[in-house]
Amino acid sequence: MPRLLALLLLLMSLGLAQGFRGLALYTPYPSQSVRLGETISLPITLKGYNLPPQTVQVRVAELAPGWKASLLGGGRVVGAVYVLPDGEQSLSLRLEPPQNVRAGTYRFRLVAEGSGVRAELPIALTLGQVLPKRLSLETELPVLKGTPTASFRYRVTLRNESDQDLLVNLEADAPENFRVSFSTAFGGQEVNSLPLKAGESRELDVQVTPPRQVEAKVYAVTLRALAGEARAELAVNLDITGQAELSLSTPEGRLSGRAYAGRENPIKLVIKNNGSAPAENLELSASEPTGWEVKFEPNKIERLAPGAESEVTARIKPSPRAVAGDYMLTLRASAEGAQASADYRVTVQTSTLWGLIGVLLIAVAVGAVGFAVSRFGRR
């Protein structure tokens, strides 16, 4: 029985809806508060139900003293609209207050009349009761974590919570040498201010770039939106974990030197940690020409603190068969999460002993030729 009763009620309501015949005249907000002296434009909808096509006269039947009213359709002043069966038309009612209007409630009445049908729409406007200017800033992720080279990007929602259009200025308070930029969301342009309509909200991307040589800790940045007396603030945090940053060179900064083939040649190297975190388990290696040997003393450093440096000796031994000339080898320092490299040019020289031996061999050969000529040349 309950199900049958519910079905009957549904059928009755559908029948009543289908049997309705007449006009409907409405606006989304027939009673509202507006600023003093503001010209108001209200969207009006006129709809016919179960009517033949006809012309419907539309007029302002009641108008507050001193006010001016205009009905606009398609950008022009109209006094009637043509309504198709079950069709609707959109209008705009423009209400202009007198010059010295006072705060209070003012009433209006709009009437639509067709062939045997009529609809009315009462409207009430209260002047002087408006929302104060108000802004808000929100983000879902106020704390981001990363290294100094990471991208700290916050998605922020800016809202105009008043009934007035505002021009909003954007600024930030950040630690020294931190850069803060505002841009419209999804790859938009960088902005310092933007217009915001009444009740509108905008998505912004706020990027905070810390300096490379920043200490590992949590930093606070205050974002601020300003529009006259309206003000909104949002605090975001950067949890910077720190990162080792290595450099490899010689004490003089010169990356070239001389070496003798077949001999061990020592070269002093300096490894420095320019980052904000210690370099752990630092190892040294080299890419050398075939037949060469490169050894490091020491070949491993357990820990290099931020800002510290360590001196290492690289013992380079060119191949005994290396000919005189320039050779390039790559020296590397690698730690957990950081590495550095340097290309070192080696000018190989042959030993002076081999040069003397060469001269001696040449002298012996010349002597042998001279002896042979003097002895056998007359025969």
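Four strands, in the order 21-23-27-25, make up an open sheet with antiparallel pairing. Strand 21 (246-249) and strand 25 (293-297) lie at the edges and have a single partner strand each, so one side of each is left without a neighbour in the sheet. From one strand to the next, the twist averages 25°. Within this sheet, strand 25 and strand 27 (residues 309-317) are joined in the antiparallel sense over five bridges. Glu297 has Thr313 of strand 27 as its bridge partner. The model described here is a predicted one.

**Overall composition**

The chain contains two helices and 29 strands. Of its 379 residues, 35% are buried. Among contacts between residues at least 6 apart in sequence, 69% join residues at least 24 apart.

Strand 4 (residues 54-62) runs antiparallel to strand 7, and four bridges join the two. Gln57 finds its bridge partner in strand 7 at Ala80.

**Strand 3 and its partners**

Strand 3 (residues 40-49) pairs with strand 1 (residues 22-26) in the antiparallel sense over five bridges. In this pairing, Tyr49 of strand 3 is the bridge partner of Gly22. Strand 3 also pairs with strand 8 (residues 88-96), again in the antiparallel sense, over eight bridges. Here Ser41 is bridged to Arg94 in strand 8. In a regular strand, side chains alternate between the two faces of the sheet.

| Strand pair | Sense | Bridges |
|---|---|---|
| Strand 1 and strand 3 | antiparallel | five bridges |
| Strand 3 and strand 8 | antiparallel | eight bridges |
| Strand 4 and strand 7 | antiparallel | four bridges |
| Strand 25 and strand 27 | antiparallel | five bridges |

**The largest pocket**

The largest pocket has a volume of about 230 Å³. Its lining comprises 14 residues, of which Gln32, Val34, Ile40, Ser41 and Leu42 lie nearest the centre. The elements that give two or more residues to this lining are strand 2 (31-34) and strand 3. Strand 3 gives the most, with four residues. By class, the lining consists of six nonpolar, five polar and three charged residues.

**The surroundings of Arg202**

Arg202 belongs to strand 18 (residues 201-209). Its relative accessibility is 27%, and Arg202 therefore counts as partly exposed. Leaving aside residues up to four places away in sequence, Arg202 touches Val156, Thr157, Leu158, Thr184, Leu194, Pro195 and Leu196. One of these, Thr184, is 18 residues from Arg202 in sequence, and the C-alpha atoms of Arg202 and Thr184 are 7.9 Å apart in space.

Technical notes: Residues numbered from 1 in each chain as written. Predicted model: local features only at pLDDT ≥ 70, side-chain atom pairs only at ≥ 80, totals over all residues. Heavy atoms only, no water. Pairing = 2+ DSSP bridges. Buried < 20%, exposed > 50% of the residue type's maximum accessible area, 1.4 Å probe, protein only. Contact = heavy atoms within 4.5 Å. 1 Å grid on protein atoms, 1.4 Å probe; cavity = no way out; pocket = protein on both sides within 12 Å on 5 of 7 lines; lining within 4 Å. Points joined across faces, edges and corners; volume = space filled by probe spheres on them. Nonpolar A, V, L, I, M, F, W, Y, C, P; charged D, E, K, R; others polar. Axes fitted to C-alpha atoms, helices over the stretch in contact; angles between N-to-C directions.
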